[in-house]
Amino acid sequence: MKDSYDVLVVGGGPGGAVAAKTAADEGLSVLLIEKRPAIGVPVRCAERIGKDSLTEFIEADPRFISAETSSATLIGPDGTEITLESQADCILNRKVFDRELIWKAAEAGAEIQVHTRAAEPIMEGDKICGAVIEQHGKRSFVRAKVVIAADGIESGFAGQAGINTTVPLDEIETCAQYIVNDINIDETENRFHISFADAPGGYLWVFPKGNRCANIGIGIRGSSSGEGQRARDCLDRFIEKNYPEGKITELIAGAVSVCRPLSETAADGLLIVGDAARLSDPLTGCGIYNAMFSGKLAAQTAVSAVKNGDTSKKALTAYDKAWRESTMGKDLACSYAVKEALLRMNDETLTAVFHSMQNCKIEHISVQNLVRAILKENPQFAKELPPA
Ligand SMILES: Cc1cc2nc3c(=O)[nH]c(=O)nc-3n(C[C@H](O)[C@H](O)[C@H](O)COP(=O)(O)OP(=O)(O)OC[C@H]3O[C@@H](n4cnc5c(N)ncnc54)[C@H](O)[C@@H]3O)c2cc1C
């Protein structure tokens, strides 16, 4: 490890890996550090991504795809089902996928150091000039022209650099998920159970992983969690009722932010991407694509800034502007408005919405398509929901 690079990437998830590859591809010297001893573990993810979104970044490869699904079914509080066909999704094996992304970054020339933590930013006035690194119990200084904070939901780096990264408790979903084996499921269908009695302020999912196995999980609003009503309690009840024969081989717990993105994602010498920038979708909790998309955009901005010799906030703000104006940025704003509208409903209203939509044809499970279908059958929500 040298003591100075063009770009220092903090975090080895999808956002950091794509950022490191993009900057290294352009000939910049790049160091990526990951605090865990191994990339991709423990997995804290249900591993679903649209096939088109995946292939925007990497060729689909059975080594890191556990299953491919072709439909999605939404199940309302009383069991009413709405099926959306033509939804090509991949259920990844993130243990392999995250490593593959890191390998691509290394192949492009980025240096990777695992078990290496960014303890705090090096600051000169308001400018971020690198990070104090902890590796094997030793501290050292690594300077960089641009630091890309890709340190995920637990992100501390941007906060230490003076950016407000607080997420209100109400806007954190606490999650629990089991890998459940030996169950009878349609291996081509993702299932989303939407009932606030079963999953307060969130939803339950069943994503097949092939060979009678699935990721079955839940996200609930942090402020709804309590004795007997924690995410895992709700999940246990759901499994007992729906998949009593299932054999559980893994439990994961995690959190997803469902707030608006950070109000600023660029500072002097700093760019913030993925979950660290609160870019996971507030309605679905999905963030793999958004992390990769923002990671790439941030690295492209860093490349121009380094080549132009100007890594000031003014120059780096091009990244902030670009993602807000992108389809991803617009989708995030739409999802946030829909999530807020859903949270104002109760199970009775949700059931009525499900009933009204039973005969709707929705080709693709985008938030906009859902809003369009809801509004067509329920014009009374026109004031509640964003225009689709
Ligand atoms: C239960 C659950 C289910 C989910 N399901 C889905 C899903 O089905 N589809 C989907 O798209 N998204 C899903 N998500 C969200 C998805 O996992 C994240 O949005 C995605 O991983 C974000 O990528 P990232 O690169 O921004 O952050 P991460 O993948 O979290 O990577 C951040 C990395 O930074 C490292 N790090 C942190 N601090 C430091 C430091 N100081 N120094 C060095 N390294 C550091 C961490 O160890 C971590 O490896 C789910 C999340 C949860 C919790």
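## Helix α1 against helix α6

In this predicted model, helix α1 spans residues 14–25 and helix α6 spans residues 288–308. Their axes come within 7 Å and cross at roughly 30 degrees. Angles under 35 degrees count as roughly parallel, so α1 runs roughly parallel to α6. The crossing of the two is right-handed.

On the α1 side, the contact residues are P14, G15, G16, V18, A19, T22 and A23. They meet I288, A291, M292, S294, G295, K296, A298, A299, Q300, A302 and V303 of α6. By class, this α1–α6 contact has 11 nonpolar, 6 polar and 1 charged residues.

## Helix α6 against helix α7

Helix α7 covers residues 313–325. It packs on α6 at an angle of about 155 degrees. The axes of α6 and α7 are 9 Å apart. Angles over 145 degrees count as roughly antiparallel, so α6 and α7 are roughly antiparallel to each other. α6 passes α7 in a right-handed crossing.

From α6, the contact uses S294, L297, A298, T301, A305 and N308. From α7, A315, L316, A318, Y319, A322 and W323 take part. The α6–α7 contact has 9 nonpolar and 3 polar residues, with no charged ones.

## α6 in both contacts

Helix α6 packs with α7 and also crosses α1. Residues S294 and A298 of α6 meet α1, and S294 and A298 are also listed in the contact with α7. K296 of α6 is among the residues that meet α1.

Conventions: Residues are numbered from 1 along each chain as its sequence is written. This is a predicted model: local features need pLDDT of at least 70, side-chain atom pairs count only at pLDDT 80 or more; totals for chains, interfaces and linings use all residues. Axes are lines fitted to C-alpha atoms, for helices over the stretch in contact, and angles run from 0 to 180 degrees between N-to-C directions. Helices (H or I, at least four residues) and strands (E, at least two) are DSSP runs, numbered from the N terminus. Angles under 35 degrees count as roughly parallel, over 145 as roughly antiparallel, 65 to 115 as roughly perpendicular and the rest as oblique. A crossing is left-handed if the near helix is turned anticlockwise from the far one by less than a right angle, and right-handed if clockwise. Two residues are in contact if their C-beta atoms, placed from the backbone, lie within 7 Å. Ala, Val, Leu, Ile, Met, Phe, Trp, Tyr, Cys and Pro count as nonpolar, Asp, Glu, Lys and Arg as charged, and the others, Gly among them, as polar.
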